[in-house]
Amino acid sequence: VGPKKEVAECKEKFASSVDPTVSQTFMLDRVFNPEGKSLPPMRGFKYSSWSPLGCDANGRCLLAALTMDNRLTIHANLNRLQWVQLVDLTEIYGERLYEASYKLSKADTPRGELGDFSEFQRRHSMQTPVRMEWSGICTTQQVKHNNECRDVGSVLLAVLFENGNIAVWQFQLPFLGKESITSCNTIESGINSPSVLSWWEYEHNNRKMSGLIVGSAFGPVKILPVNLKAVKGYFTLRQPVVLWQEMDQLPVHSIKCIPLYHPYQKCSCSLVVAARGAYVFWCLLLISKAGLNVHNSHVTGLHSLPIVSMTADKQNGTVYTCSCDGKVRQLIPIFTDVALKFEHQLIKLSEVFGSVRTHGIAVSPCGAYLAVITTEGMTNGLHPVNKNYQVQFVTLKTFEEAAAQLLESSVQNLFRQVDLTDLVRWKILKDKHIPQFLQEALDKKIESCGSTYFWRFKLFLLRILYQSMQKAPSEIMWRPSHEDAKILISDSPGMGSTEDDQEEGTSKQGSKQSLCNTGKGMDIDDTADDSVPQSSDIGGREPMEEKLLEIQAQIEAVEMHLTREHMKRVLGEVYLHTWITENTSIPTRGVCDFLMSDDGYDDRTARVLIGHILKKMNKQTFPEHCSLCKEILPFTDRKQAVCSNGHIWLRCFLTYQSCQSLVYRRCLLHDSIARHPSPEDPEWIKRLLQGPCTFCDSPVF
């Protein structure tokens, strides 16, 4: 808010002010006074917001986090299980305001000095975030110097401040840090005491429109236009639209915007729902020839206590609300000729988890699970002494519904539907077989469509089936083993230890370890005998082993099919982007020979493509060479390359090049190995290396 020395002087002046309206306001406000002296420290987070998928360098989500001391930062999961802070937006925005003398536009009149308490408050309120929300990804075309067009993705982050201003940040994707910030525009909302923010995104006649929905602690809700000149193909409202204007002192707690299709009007529409006290305010927005139609109302009689959390399933428009007494309401929108109505039913968590207090709910991306944060409720009319916060998961779909949704999915990506695949996985692990209806439906899809998505789904089912057939390990796999070598020090009056004592200690330790190991071995045998009673019977074991071998053969066949399909794609890229007898780093001849080596594989498309490529190569082979001994690396295996001297290099599953470096990437489920892009790689190879895993659709780290 100003130079450090001047700020420190002003703080001392306000704290020791004779006027109690100044001194008490200053001392009790944690924005001005974050250290708080005798007050508890400001640790933890006020709010967090996830970006859409595809915003970071790995194609995953960014996390915007607002701390209790009002610092807004953006984090990314760049390496597996490692979160890194990419940028501090509070610091950057403060620098911008300082350079502009704390004026939003050049036309603004200069305000008072920092020593004036009202100015001190104004400078803090214009930088104290209340909420922040991400928009959807906008894709625009950028013309390069050689007149080629390339798609450039960008995402917007709207930050709502205490004084009602909204800063809209535009980031270029993938977001890498401060250098990816394209612009920052500030909008004045004109709302007093703002409490919540949400993006309004609407598609009409293939034109995407956007705006910002802002709610107030006093009750009003309105949509603000967002004018961004830098984003092409982006449309907004001409003027603000007031959805609810009554100052009824019902604070807006949460806002959700759900895109839906109106079956009577035969067009897309937008449903805005907001939690206001114990009620749900809804507003249906629909663009017709007459303009923007707005229908709004309240749903009452849902909860006896205020709504503490609200979430929405954007697939079907179902809204879930909860109050702190452990009651969750499910609201299903039903369209009428004019607007809509809601059918609601009660979900009593006490029937599932016992007496609980609820603090928040969230629905998974495809609507398979409802996550609920709970603590213990009252027992015998008494509150619990300690609060233990737990995240409980409630299934919202049956196995049959999840399987049907996966088969009819328009996304065709297993990683983006991981909540649905988890329901399917749980069912197969429990029943130890793939249901007949799912197997038949999947085979029909593969025959009629042939999309690699259905082959990946089949591979997923076979792998889970194989896992369910195996004996469960007696030890918990994730638990670390504490078998560190320790030296036993014998009880002796002297402080030092002799060599004999050390030898005795190590021998005791060695015998102790051997006893532990034998004990463990006995335990394993015992548990194995207990868990699988038919294992002693050879006749019972053989059918199980045969079944496992049969499933393993099916898994290898599906993996080989997916490998061949990806090889065809790689060869297609090679053919499109190379000249005659041009050497690329991709082992083109090896991939061609590998595809044609199996006599049982007869794919006319592959044969024609290979014929064209071999003509281009003009009898050149361009083999890979081992970096250690310079020998030729033959292409005999899709997973690894072995030279004549026995040096083994893993192959990249995206380009089939050998990864001859100590650093490489791996897919999230540890299916495959991929190399890092190098600076000399052409754009088409870098594009190939950005792809997900060809077996499980997971991103690559």
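Reply: In this predicted model, strand E16 (residues 267–276) is joined to strand E17 by 7 bridges, and the two run antiparallel. One of these contacts can be followed residue by residue: Ser 270 has Leu 285, in E17, as its bridge partner. The connection between the two strands is a hairpin, with 2 residues between E16 and E17. Gly 277 lies in that turn and has a positive phi of about 65 degrees.

Strand E17 also pairs with strand E18 (residues 291–299), again in the antiparallel sense, and this pairing extends over 9 bridges. Here Leu 286 stands opposite Asn 293, which belongs to E18. E17 and E18 likewise form a hairpin, with 2 residues between them. In general, the strands of a sheet pair through backbone hydrogen bonds, in either a parallel or an antiparallel manner.

A residue counts as buried when its relative accessible area is under 20%.

A second part of the protein may be set beside this one. Strands E23, E24 and E25 form an open sheet in the order E23-E24-E25, with antiparallel pairing. E23 (356–363) and E25 stand at the edges, and each has a single partner strand, so one side of each is left without a neighbour in the sheet. From one strand to the next, the twist averages 30 degrees. The pairing of E23 with E24 is antiparallel and comprises 7 bridges; within it, Gly 360 stands opposite Ile 373 of E24.

Ile 373 also belongs to a nonpolar patch on the surface, which it forms with Tyr 389, Val 391 and Phe 393. Together these residues have about 430 Å² of accessible area. Tyr 389 is placed in the loop between strand E24 (369–376) and strand E25 (390–395). Tyr 389 counts as exposed because its relative accessibility is 52%, and the term applies over 50%.

Finally, the whole protein provides the setting for these parts. The protein has 14 helices and 31 strands, and 43% of its 701 residues count as buried. Its accessible surface comes to about 39,300 Å², of which 52% belongs to carbon and sulfur atoms. Among contacts between residues at least 6 apart in sequence, 52% join residues at least 24 apart.

Note on methods
Residues numbered from 1 in each chain as written. Predicted model: local features only at pLDDT ≥ 70, side-chain atom pairs only at ≥ 80, totals over all residues. Heavy atoms only, no water. Patch = residues over 30% accessible without salt bridge, like charges linked within 9 Å, V, L, I, M, F, W, Y side chains within 5 Å. Areas by Shrake-Rupley, 256 points an atom, 1.4 Å probe, with all protein chains shown as cover. Salt bridge = Lys/Arg side-chain N within 4 Å of Asp/Glu carboxyl O. Helix = DSSP H or I, 4+ residues; strand = E, 2+ residues; numbered from the N terminus. Buried < 20%, exposed > 50% of the residue type's maximum accessible area, 1.4 Å probe, protein only. Pairing = 2+ DSSP bridges. Axes fitted to C-alpha atoms, helices over the stretch in contact; angles between N-to-C directions. Contact = heavy atoms within 4.5 Å.
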